[in-house]
Amino acid sequence: MSHPAYGVRREVSSTAAVVLENNPSTMTLDGTNTWVLRAPGSTECVIVDPGYQDLDHLPLLTEQGPVAMILLTHHHPDHVEGAPWLAERVQAPVRAFDAALCRDADPFADGDVISAAGLDIEVLHTPGHTADSVCLRVGDQVLTGDTILGRGTTVLTDLGAYLDSLRRLIELPSGLLTLPGHGPEMADLRVVAQEYLDHREQRLDQVRAALEKLGADATARQVVELVYADVDRALWAPAEHSVNAQLAYLRSNRPG
């Protein structure tokens, strides 16, 4: 599904719309998806991931109606940097898993249900991309932040935690709409999460094979040069972060 023009509000479902920030890159894909949530008939809205402190993007968010709350999926600046500016302008609290990101509100925890703008928003702690990553379930849709992207795969800090997070998402009901932090929405979260899990297990097998060839103490860079030889070198740096997580996972589970 194609993305809208930058700065144009696009209705995705009866309760979710997206405003795409103009910050495309290899890491942010088309840019950061700022989600605007509200129940039909509600005058208030919830803003999820305001993006950078981008004064072309943030003023558009102040025009979405009264903001009941600002929610953050994780601490990376392309999702949260603009939150203080927006919170000040619309006089709304900011909530996140990390208390350091919150403003005039408590951090949320796994399993919390946030009621705002006529909606019940369930918090699912899904670490792996970062320790504070969450997904937010709103009815039959899930905002996945950077845990699952609209295309490609995400950079990891903790592979073991990430595999557990994917397995948790696979256990959710089928047919949930996936609303990612970057890239287009996808139809069925369980299917996408299973594809991600299969991909990660395939990469693990490739890293194991690389270690057999390079030696057990090979560096992440050496593994990247072998396993990601057919991938654009512009992506090797983020791949190295993920390989470090894979190596830590394999070495922590190594016999003896």
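Colleague: In what order do the strands of the five-stranded open sheet run, and which two are its edges?

Modeller: This is a predicted model. Its open sheet of five strands has mixed pairing and the order β7-β8-β9-β10-β11. An edge strand pairs on one side only, and that holds for β7 (113-116) and β11 (177-180).

Colleague: By how much are neighbouring strands of this sheet turned against each other on average?

Modeller: The angle is taken between neighbouring strands of this sheet, with direction ignored. The average is 25°.

Colleague: In which sense do β7 and β8 pair, and what stands opposite S115?

Modeller: Strand β8 covers residues 119-125, and four bridges link it with β7 in the antiparallel sense.

Colleague: What is the strand order in the six-stranded sheet, and which strands are at its edges?

Modeller: This open sheet also has a stated order, β1-β2-β3-β4-β5-β6, with mixed pairing. The strands that pair on one side only are β1 (10-11) and β6 (94-95).

Colleague: How many bridges join β2 to β3, and which residue is the partner of A16?

Modeller: Strand β2 (residues 16-20) and strand β3 (residues 33-37) run antiparallel, joined by five bridges. The bridge partner of A16 in β3 is L37.

Colleague: How many helices and strands does the protein have, and why can it be called as compact as a globular protein of its length?

Modeller: The count is seven helices and 11 strands. For 256 residues the globule rule gives 18 Å, and the radius of gyration is close to that, so the protein is as compact as a globular protein of that length, at 19 Å.

Colleague: Which domain does UniProt list, and how far apart are the end C-alpha atoms of its span?

Modeller: The unreviewed UniProt entry lists "domain: Metallo-beta-lactamase" for residues 31-182. In the model, that span is 18% helix and 27% strand. Its end C-alpha atoms lie apart by 6 Å.

Colleague: What lines the largest pocket, and how much space lies in it?

Modeller: The lining has 28 residues, with T26, T153, T154, V155 and P238 nearest the centre of the pocket. By class, the lining residues are 12 nonpolar, 11 polar and five charged. The space in the largest pocket is about 600 Å³.

Colleague: Which helices each supply at least two residues of that lining?

Modeller: The condition is at least two lining residues from each helix. The helices that meet it are α2 (77-80), α5 (189-214) and α7 (236-252).

Terms used:
Residues are numbered from 1 along each chain as its sequence is written. This is a predicted model: local features need pLDDT of at least 70, side-chain atom pairs count only at pLDDT 80 or more; totals for chains, interfaces and linings use all residues. Side-chain values use heavy atoms; hydrogens and water are left out. UniProt positions are given in the numbering used here, feature names are shortened, and annotations may be inferred rather than shown by experiment. On a 1 Å grid over the protein atoms alone, a cavity is a set of points where a 1.4 Å probe fits but cannot get out, and a pocket is an open set with protein on both sides within 12 Å along at least five of seven lines; lining residues have an atom within 4 Å of a point. Grid points are joined across faces, edges and corners, and a volume is the space filled by probe spheres set on the points. Ala, Val, Leu, Ile, Met, Phe, Trp, Tyr, Cys and Pro count as nonpolar, Asp, Glu, Lys and Arg as charged, and the others, Gly among them, as polar. Two strands pair if DSSP finds at least two bridges between them. Axes are lines fitted to C-alpha atoms, for helices over the stretch in contact, and angles run from 0 to 180 degrees between N-to-C directions. The radius of gyration is taken over C-alpha atoms; the globule rule is 2.2 Å times the number of residues to the power 0.38.
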